[in-house]
Amino acid sequence: MSKNDFGGYWRITHTGVWDQEAMDLVAPAHLSFADRRGTLSMIAIEASLDCRYEGNRVEFSLFGADEYDPIAGRGWATIDKAGKMRGMLYLHDGDETEFKAEKAEPPPPREPRLVPRSRRW
C-alpha cells in the first residue's frame, strides 16, 4: 500500500455520530487526497488537510470552517483489503468519530448560487 492508493475522492458512507442526511447537509460528505494535501467536506465543515503517509496509513491535521467558525482537528485512515477506507476524525474541542469511505468519482462542480436582486441589500 502506498500514498498513491489514497489519492483521489473518497465518499464518506458512515460515521459513528452523524447519519448520511446530516453528513450530506451542504455537499456530499467526502475526503480527497493529493500527495501531502487534501480536503474534508461534511455537514457544514469545509477543511484542508495536511497529510503524512506511512505504509497503509495516512495521518492528517485539518483546518477550516464549520458554518464560518474556525475549526481544527486531526485524523487517520487505512485502506482494507477490500479497498474500503476506515479511520477516525477528532475535531478540536468537539466530536470524535470513526468513519468509513469508498473510492468514488467526484460529483460535477456546483453552479454558483445567485442571489436575486430583490434580496440584495
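From the N terminus on, the chain runs α-β-α-β-β-β-β-β-β-β. That gives 2 helices and 8 strands. The model is a predicted one. The protein chain has 121 residues, and 33% of them count as buried.

**Aromatic contacts**

How many aromatic pairs does a search of the whole structure find? It finds 3. Two of them involve Phe-6, as the table shows.

| Pair | Geometry | Centre to centre | Angle between planes |
|---|---|---|---|
| Phe-6 and Phe-33 | edge-to-face | 6.3 Å | 75 degrees |
| Phe-6 and Tyr-53 | tilted | 5.7 Å | 50 degrees |

Take the edge-to-face pair, Phe-6 and Phe-33. Phe-6 belongs to helix α1, residues 3-6, and Phe-33 to strand β2, residues 30-34, so this contact ties together parts that are 27 residues apart in sequence. Phe-6 is buried, because its relative accessible area is 0%, under the 20% limit. Phe-33 is buried too, with a relative accessible area of 4%.

Now the tilted pair, Phe-6 and Tyr-53. Here Phe-6 of helix α1 meets Tyr-53 of strand β4, residues 45-54, so the pair ties together parts that are 47 residues apart in sequence.

Which residues form one aromatic cluster? Phe-6, Phe-33, Tyr-53 and Phe-60 do.

Another ring contact involves a charge. The charged end of Arg-74 sits over the ring of Tyr-90, at 4.1 Å from the ring centre.

**The nonpolar core**

In soluble globular proteins, nonpolar side chains tend to be buried together. In this model, the largest nonpolar core holds 26 residues. Which of them touch the most other members? They are Ile-12, Leu-31, Phe-33, Leu-40, Met-42 and Met-85.

Which element gives the largest share? Strand β4 does, with 4 residues.

**The largest pocket**

Rolling a probe the size of a water molecule over the atoms shows where empty space is left. The largest pocket has a volume of about 220 Å³. Its lining includes Tyr-9, Ala-27, Pro-28, His-30, Thr-39, Ser-41 and Glu-46. Pro-106, Pro-107, Pro-108, Pro-109 and Arg-110 also line this pocket. By type, the lining divides into 7 nonpolar, 3 polar and 2 charged residues.

Glu-54 is found in strand β4. Is Glu-54 buried or exposed? Its relative accessibility is 66%, so Glu-54 counts as exposed, the cut-off being over 50%. Glu-54 and Thr-78 are 24 residues apart in sequence. In space, their C-alpha atoms are 10.0 Å apart.

Arg-86 is found in strand β7. Its relative accessible area is 40%, which means that Arg-86 is partly exposed, between the 20% and 50% limits. Arg-86 and Ala-101 are 15 residues apart in sequence. Their C-alpha to C-alpha distance is 6.5 Å.

Notes:
Residues numbered from 1 in each chain as written. Predicted model: local features only at pLDDT ≥ 70, side-chain atom pairs only at ≥ 80, totals over all residues. Heavy atoms only, no water. Phe/Tyr/Trp six-rings, centres within 6.5 Å; stacked < 30°, edge-to-face > 60°. Buried < 20%, exposed > 50% of the residue type's maximum accessible area, 1.4 Å probe, protein only. Lys NZ or Arg CZ within 6 Å of the ring centre and 35° of its normal. 1 Å grid on protein atoms, 1.4 Å probe; cavity = no way out; pocket = protein on both sides within 12 Å on 5 of 7 lines; lining within 4 Å. Points joined across faces, edges and corners; volume = space filled by probe spheres on them. Nonpolar A, V, L, I, M, F, W, Y, C, P; charged D, E, K, R; others polar. Core = buried A, V, L, I, M, F, W, Y, C linked by side-chain atoms within 4.5 Å.
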